[in-house]
Amino acid sequence: MSTIQPKAVPAPALSVLFSREEIQERVTQIGQQIDADYKGQSVVLVGVLKGAAIFLADLARSISVECTFDFVAVSSYGKGLNSSGAVKLIKDLDQSVEGRNVIVVEDILDTGITLGFLHQMFARHRPKSLRIAALLDKPSRRIQKISADYVGFSIPNQFVVGYGMDYAERFRNLPEICIMPPDFPE
Ligand SMILES: O=P(O)(O)OC[C@H]1O[C@H](OP(=O)(O)OP(=O)(O)O)[C@H](O)[C@@H]1O
Ligand SMILES: Nc1nc2[nH]cnc2c(=O)[nH]1
């Protein structure tokens with residue numbers, strides 16, 4: 001197993017869970033699946049900031065059906081490893097999605113609280129269709145009953161960083177997805 005050593009501070013190494021090649025291959029496959037599912041139609045990719053930004057950027061370039069982007073932001077986690085359980089909308093959609101094919105793009109589906117909240121909210125906008133693409137899924141952590149239509153990888157209960165995902169806002173720019181050791185200093 002390969003590791004990444006954070007440079008700024010003396011800290012434990014991060015072990016690589018998925019390499020950039022593995023991620024790219026899976027994102028390409030999801031893009032092909034979306035192309036097949038929405039052939040001849042257009043989609044709105046709605047990214048959930050900030051974690052999904054990099055996945056959305058790669059996924060969008062892996063699909064060839066007509067697509068537009070929008071972004072929402074919610075707050076739920078703060079800076080630690082555990083959810084507060086409360087979701088608040090910080091940034092709403094810029095444009096109406098009524099009658100559109102919406103794909104909500106998330107980096108990770110964990111307790112399901114964030115996507116449960118967003119799914120309910122988007123359903124009220126009466127889209128033509130509403131689906132979820134989550135790069136990572138941690139089914140063992142689920143509190144809210146929700147599943148993604150497109151899943152990159154199903155993973156066990158480990159806190160991960162990289163490819164958009166952070167620990168206290170750090171490591172979002174790692175091209176790999178790495179496991180954060182529980183004793184990592186804040
Ligand atoms: O299924 P859940 O338990 O709700 O967890 C998933 C959410 O947690 C992360 O967001 P975070 O609040 O860390 O914000 P970020 O996207 O800005 O990193 C992730 O991006 C999801 O939005
Ligand atoms: N960065 C990060 N955010 C999360 N939010 C819910 N689970 C995770 C995780 O494993 N990593």
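The largest nonpolar core has 44 residues. Such a core is a set of buried Ala, Val, Leu, Ile, Met, Phe, Trp, Tyr and Cys residues joined through C-beta atoms within 7 Å. Val104, Val105, Val160 and Val161 have the most contacts inside this core. Strand S6 gives the most to this core, with 6 residues.

This is a predicted model: local features need pLDDT of at least 70, side-chain atom pairs count only at pLDDT 80 or more, and totals for chains, interfaces and linings use all residues. Residues are numbered from 1 along each chain as its sequence is written, and ligands are numbered from 1 in the order in which they are written.

**Helix H1**
- H1 covers residues 20–37 and has 18 residues. (Helices are DSSP runs of H or I, at least four residues; strands are runs of E, at least two; both are numbered from the N terminus.)
- Ile23, Val27, Ile30, Gly31 and Ile34 are buried in H1. They sit on the same side of H1, because they cover an arc of only 105° around the axis. (The arc is that of the directions from the helix axis to the C-beta atoms.)
- Glu21, Glu25 and Ala36 are exposed on the other side of H1. (Buried means 20 or more other C-beta atoms within 10 Å of a residue's own, exposed means 12 or fewer, and partly exposed lies in between; C-beta atoms are placed from the backbone.)

- Val160 touches Leu17, Leu136 and Met180, among others, not counting residues up to four places away in sequence. (Contact means C-beta atoms, placed from the backbone, within 7 Å.)

How values were computed:
Expected span 1.5 Å × (residues − 1). Contact = placed C-beta atoms within 7 Å.
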